[in-house]
Amino acid sequence: MKISYQWLNQLVSLTEDPETIGKILTGTGLEVESIEKIESIPGGLEGVVIGEVLTCEKHPEADKLSLTTVDAGQAAPLNIVCGAPNVQAGQKVIVALVGATLHPVSGEPFTIKKAKIRGAASEGMICAEDEIGLGTSHAGIMVLDTDLPNGTPAVTYFGLEADYQIEIGLTPNRADAASHLGVARDLKAVLKRTVQWPSVDAFQVDNQKLPISVSVENPEGAPRYTGLTIDGLTVAESPDWLKQRLRAIGLNPINNVVDITNYVCHELGQPLHAFDADQIAGGQVIVKTVAEGTPFVTLDGVERKLSANDLMICNAQEPMCIAGVFGGQKSGVTAQTTRIFLESAYFDAAWIRRTSQYHSLKTDASFRFERGTDLNMPVFALKRAALLLKEIAGGTVSSDLIDLYPNPVSDRRVPIRYRNVDRLIGISIDRPEITRILESLDIRVADTTDDGFTALVPPYRVDVEREADVIEEILRIYGLDNVPLSDYLSADYLSETPETNPDQLQGRVSQLLAANGFYETMTNSLTRPAYHDAVRATLPNADVPLLNPLSEDLSVMRQTLLFSGLETLVYNVNRRQKDLKIFEFGKVYSRSDERFYERPRLGIWMTGRTQSESWLTGGQRSADAAVSYHDLAAVVQRMLTLFRVKSTDSQPADPAIFQYGLTLLVNKKPLVSLGLVKAGLTKLVDLKQPVFYADFDWQYLLKLYNGKVEFEEVSRFPEVRRDLSLVLDTGVTYAQISRLAYLTERKLLRDLNVFDVYEGENLEKGKKSYSVSFILQDPAQTLNDTVIDKTMNRLMSAFERELGAVIRK
């Protein structure tokens, strides 16, 4: 957002230079990104002043030259040789001093130097209007009618002081500051000055020659709508002062009517729109929605298909304007316009934001409306614009001022406790100073007690809703730099925070995976419907389609991270990077019964080989180096260890996605699925090498996190290992063996591990052999053979009884 320093100076008297004002505004939260000097004419007439011709006589060596002495406010009069025929003693003139650079209307800029002309010294130049870039006349020097003292800068006489464009990086929550008045409010509070509002006391209705009927059929979209008509105006070029103000903030002047609506919008933050009254069919203005798909040609000449959710300003026959966003081609002001209907309204932010996004239209009006304007401003802005139009474009106010505001909104009441103010800011601010700050921001203080007060927040402060918001207002005006840092720096807050910090844990997981050779990716949440169709049977709900997709390939929100990762893999594989390990924290989307769901997930992908060719392998591409299921399972296990998830159940992974794999469950709820992605799915993205994929329910994993760490002394007693060979049905999993072992022996069993699996001709069909090691340890004493044998016998009995195992002895 761009602000003019000189314009701002009209609202709040500034003695500070633009750089100082920039620092003050940044301190209040209106971060100034740049300050640029704006000159009304090239060079800004620097070094050009008002002078007075003291003497004038003919040059003895040239008939057309005169020798003059000029008082230009310097220590001594200047001797200047002048060639203008109209120069005379006693004239007030424009003098360019030595060193000044002039930018004439035609020709190149030139710098004034001391010179000798026909033997006479010349210490400056008396100027004509074309020589300083103010006009085209070269008939003679400019003769001024002024009482300004000699030496006064010429820009002061001409009203051409340099301006400064202050660009503010306006955050979305500060809609109140989207105008010169809004910025002036902050300066008023910090500098302890007053804001000079433009006067509208002279506003009056002149006649009733041009009445317009106004009705609002959609009060939800337009809670307040005001308007009036002006008759007999003349559309023409704007005066210089108005054009200068608009150019200073980067706007191009168009005509006096449009320029005034833009001027008031940027002055007060209230968008206005002027309709050609002769184009308002039936003399009616109706605020309503129209049928889906209704064609409408906007001011830029583009035909758009309207949505049934677009709020429109219509006449008795057709739409004239997309409310709060863009005008229509037919009803706009032209050079032939003599009568207008002037609109000033408050439109609901959600309605304008939806329409602006739907049509991809961003205007100065939509920028303000979709953030929230001031409900109390439309009438004042309407009067301000009407007075400017009468002054600049002529005409008369030819109807009553219409104000449709059926449900007035009162100030927001926010209870404030002084102890919370002190606690959040970190110091105790004087109570009268708190009151001064808030009331300077138009936030009234009521119901004051020793413990606190009630803040009455005006509707235009859409960002101030809670106690913490009000305290933030106090702090930003009091100044963060004025809060000293204690020796023991700390912070406080009003809201409760969860014990588990998701961002911190996400960072730890990212570090873990990066340390294991993974790269993090961030991909688009939009995807192809064909991907979902391939796994439709396993998706929990319906797709979330885009209402206005850019293309068929990006027309739905993703329900799984799988294909986002596969597209990333194939992009890299096609660039000869085939050994890949990536992960992504992302969200998936679905809908059910008109409700929408957004869920966080973590995806991990591995493909190619675990290590590149090297001299250790003689440069051979060993098949043993290919990524396997167990490589991914090891990474998943490290994740579970990080989150201190100690025990899981398992079941086969979803066959619609995985060729083989497991789903790990905690408390019977799926936590992560991992395995080899089906070849048919990788072919959808034209990926020809195997991919192993793990899909975490990130929200559930966060819930399972246990931040408590338990420590125990390293046992002084040795551990003992015993091995068993179990012949089992092929349907029995290692997870069943592990779970049964820990249930059978809770005290001494420390660990168990499968170190060999055999299936072959030496075993009958449908059988397999597990070789399992058991680590036993007693923390209180050394285990003897009797205790060890009893423990192992108990384990073998359980395996035989529960799993049908045959123990190979």
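This briefing describes aromatic ring pairs and charges over rings in a predicted model. Local features need pLDDT of at least 70 and side-chain atom pairs count only at pLDDT 80 or more, while totals for chains, interfaces and linings use all residues. Residues are numbered from 1 along each chain as its sequence is written, and side-chain values use heavy atoms, with hydrogens and water left out.

**Aromatic pairs**
- The structure contains 19 aromatic pairs, where rings of Phe, Tyr and Trp (its six-membered ring) pair if their centres lie within 6.5 Å.
- Tyr 157 and Phe 158 are edge-to-face because their ring planes stand at 80 degrees, with the centres 4.9 Å apart; planes over 60 degrees apart count as edge-to-face, those under 30 as stacked and the rest as tilted.
- Phe 583 and Phe 585 also make an edge-to-face pair, at 6.0 Å centre to centre and 90 degrees between the planes.
- One aromatic cluster is formed by Phe 583, Phe 585, Phe 643, Trp 698 and Tyr 705.

**Accessibility of the paired residues**
- Tyr 157 is partly exposed, at a relative accessible area of 30%, and Phe 158 is partly exposed at 24% (buried means under 20%, exposed over 50%, partly exposed in between, with a 1.4 Å probe and protein chains only).
- Phe 583 is buried, at 1% relative accessibility, and Phe 585 is buried at 14%.

**Charges over rings**
- Arg 354 lies over the face of Trp 351, 4.8 Å from the ring centre; the criterion is NZ of Lys or CZ of Arg within 6 Å of the ring centre and within 35 degrees of the ring normal.
- Arg 721 lies over the face of Phe 755, at 5.2 Å from the ring centre.
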